[in-house]
Amino acid sequence: MPLPPGCAFAGWDGMNLPAPEPFSGGTPTTLFPAAAPAGGAWSADLSNSLYKVDGWGAPYFSVNPAGNVSVRPHGAATLPGQEIDLMKVVRNAAESKSSGGLGLQTPLVIRFPEVLKHRLESLNAAFDYAIRANGYGSHYQGVYPVKCNQDRYIVEDLVQFGSPYRFGLEAGSKPELLLAISQLLKGSPDAFLICNGYKDDEYISLALNARTMGLNTVIVLEQEEELDTVIETSRRLNIKPVIGIRAKLRTKHSGHFGSTSGEKGKFGLTTTQILSIVSKLKQHEMLDCLQLLHFHIGSQIPSTALLADGVSEAGQIYCELTRLGAAMRVVDVGGGLGIDYDGSHSSGSDLSVGYGLDEYASTVVQSIRFACDQKGVKHPILCSESGRALVSHQSVLIFEAFCKSETSRVDPGQNLVYYLDQLTDESRADYRNLMTAGMQGDFDTCNIYMDQLKKRVCEQFKDGILGLEHLAAVDGFCDLVSKEIGASKPVFNYHINLSLFTSIPDFWAIGQLFPILPIHRLTERPAVDGVLLDLTCDSDGKINRFINGQSTLPLHDINNNGPYYLGMFLGGAYQEALGGLHNLFGGPSIVRVMQHEGPHGFVVTRAVSGPSNADVLRAMQFEPELMFESIKERIEECGLGPSKTNEINSAFGSMGYLVFGGPNLGLDGIGSDSEGSSGVTEELDDEEWEMMRCLSV
């Protein structure tokens, strides 16, 4: 039988535990000779395959020959030399200002507006081709649902990029409606402003007044009762509305994303309610106001077969509304255009879809054309609310793994057998059975006795019979046995400078998986299996499920050659809007990057530091200025000197995340009595604070 570390088994009789006998040459770390490490060279191409980058990342992400993740800002049309090396962007953002960098702290969101532009152009090109190929008698003009990501610059970019395509916005609340109105004033006058969500008189008044400003506003009825408010408000304001209705289709798909569709979905009108609305509009001589049909099968529609089923059902409803006298002209197919999170191109899970943009557009066009041609109805304008598909690819979340620890490794120590010999008779019997099973090669039985031994010893420890050393000795011995029989490969905890709840909330909330991988060192073999632990004091702050279907992620060892950066991809939709302030960790720093024909291949057009500690405290109704004054007063009472005051002042102005390799390079604090201090004084208002945080380049 192979020997535990630190001793040899001399003349073991199967009854008494062998006496410890030291090894010459030190303590071995395994029971059997170690297997040779996996050989063979590693390459960027192998990393590309391991992390499935070509599957989920095409045509925007790849691994370059230097072993770094690259971004192709123009998709497949990106020319050689136009790719953007992510690692170069991160270095530029993280380096101090004195070294020519931006001095930003991670975590960091990098936005690529050119990727966003390419997504928008590709969506419109797909519908344009499908319309021409199928002889469709109208056109496509989509909208962006701002709930996916309300960031000002994303919305402004979409309005600007979408103007040639009459691309509009969708709002689901009053603040989103105000946002959409202000932005579409700079867009195409034909662009739709789709008004969804629950509505009161103020919401409807805003929507109606937007029509007087020249916006193409459509009020979509989600509830039957909303029609009364629309009629009353439109008459009071003397503004004729354009009305849409959201139909509650019978078609739905399974899984989490399908729970909002079907007859039991949260939103939409039943066929009975639709007929009631038509009747009421006819009574008020307003049936000509009803012009749009909206529906939503569910996010991440997995297949074109399901899409065709739902769109065909909606097409029949559209034709029936036309037959009943409504002045129908638009079909809004809602959201549902999915993206491939795991690179499998499969329709069997919430993580993937079995189609591309061209197939999606073709299915929508063919289904509506068939329904309308069957009933002799004019082809309507086609609209979609494809938010996830538009904005997911345009941003990358970068964060640092700053240390690692093995999840279960226990150092058995030199005295392992000494403490094992002191176990109770029952535990010694489990130990002997475990040794016997190991010598016979019965590894299944080994696992049974290991589990039994650990449970028994734990109970005896709780009862005070055994000490901490005995518990550690059993853990160490079982850990060695597990490795020798191949029961478990060591798994390491990688501690990451990130709040899962702030930056990847969908992982915690609904189990959504995103591609995560190192953004550099990809010419090196990632030989460590790891899970990711965030900074929060919450046991749920752990990423232990990945798109490879495994509970670990292949990673590199953390060395002293600089920070080890990981990237989370395809997270541009929902994550920033849904993220909270758990443990008062604020959002990440943000940089906006565009391709540039310079030596670095990119230019940073905007850089914003993440929220400071003062910012997140203020969000919780605290007053950082008063907090600082009270702390400063106590420092002075204790005679601690101005240096302590400056440290506290700086802490208020910095981000809440960890800083390594030197002092925090965040913003100065909120006040200082030191002459010549660059600290932000108490007199600065919120707008000036924001200007201090914004580092436009």
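**View 1. Leu397 stands opposite Met568 in strand E19.** The model is predicted: local features need pLDDT of at least 70, side-chain atom pairs count only at pLDDT 80 or more, and totals for chains, interfaces and linings use all residues. Residues are numbered from 1 along each chain as its sequence is written, and side-chain values use heavy atoms, with hydrogens and water left out. Strand E13 (residues 395–406) and E19 pair in the antiparallel sense over five bridges; two strands pair if DSSP finds at least two bridges between them. Helices (H or I, at least four residues) and strands (E, at least two) are DSSP runs, numbered from the N terminus. E19 also pairs with strand E15 (residues 516–518), again in the antiparallel sense, over three bridges. Pro518 has Leu566 of E19 as its bridge partner.

**View 2. Burial of strand E19 (residues 564–568).** Five of the five residues of E19 are buried, so the strand is largely enclosed by the rest of the structure. Buried means under 20% relative accessible area, exposed over 50%, and partly exposed in between (1.4 Å probe, protein chains only). In a regular strand the side chains alternate between the two faces of the sheet. Tyr564, Leu566 and Met568 are buried on one side of E19, and Tyr565 and Gly567 are buried on the other.

**View 3. An open sheet of eight strands with parallel pairing.** The strand order is E5-E6-E7-E8-E9-E10-E11-E12. Strand E5 (143–145) and strand E12 (381–383) are the edge strands, each pairing on one side only. Neighbouring strands of the sheet are turned by 25 degrees against each other on average, direction ignored. Axes are lines fitted to C-alpha atoms, for helices over the stretch in contact, and angles run from 0 to 180 degrees between N-to-C directions. Strand E10 (residues 290–294) runs parallel to strand E11 (residues 330–332), and three bridges join them. Leu293 has Val331 in E11 as its bridge partner. Helix H9 (residues 271–283) packs on the sheet and touches strand E8 (216–221), strand E9 (243–246) and E10. The direction of H9 makes about 160 degrees with that of E9. Contact means heavy atoms within 4.5 Å.

**View 4. Packing of helix H4 (residues 113–133) with helix H11 (residues 357–375).** The axes are 8 Å apart and the angle is about 45 degrees. H4 and H11 are therefore oblique to each other: angles under 35 degrees count as roughly parallel, over 145 as roughly antiparallel, 65 to 115 as roughly perpendicular and the rest as oblique. H4 passes H11 in a right-handed crossing. A crossing is left-handed if the near helix is turned anticlockwise from the far one by less than a right angle, and right-handed if clockwise. Contact residues include Leu123 and Phe127 of H4 and Tyr360 and Val364 of H11.

**View 5. Packing of helix H14 (residues 425–439) with helix H15 (residues 443–462).** The two axes come within 9 Å and cross at roughly 160 degrees, and H14 and H15 are therefore roughly antiparallel to each other. The crossing of H14 past H15 is left-handed. Among the residues that meet are Tyr431 and Leu434 in H14 and Tyr449 and Leu453 in H15.

View 6. Cys319 is buried, with a relative accessible area of 3%. Leaving aside neighbours within four places in sequence, Cys319 is in contact with Ala371, Cys372, Lys375 and Val377. Pro380 is 61 residues from Cys319 along the chain, and their C-alpha atoms are separated by 10.0 Å.
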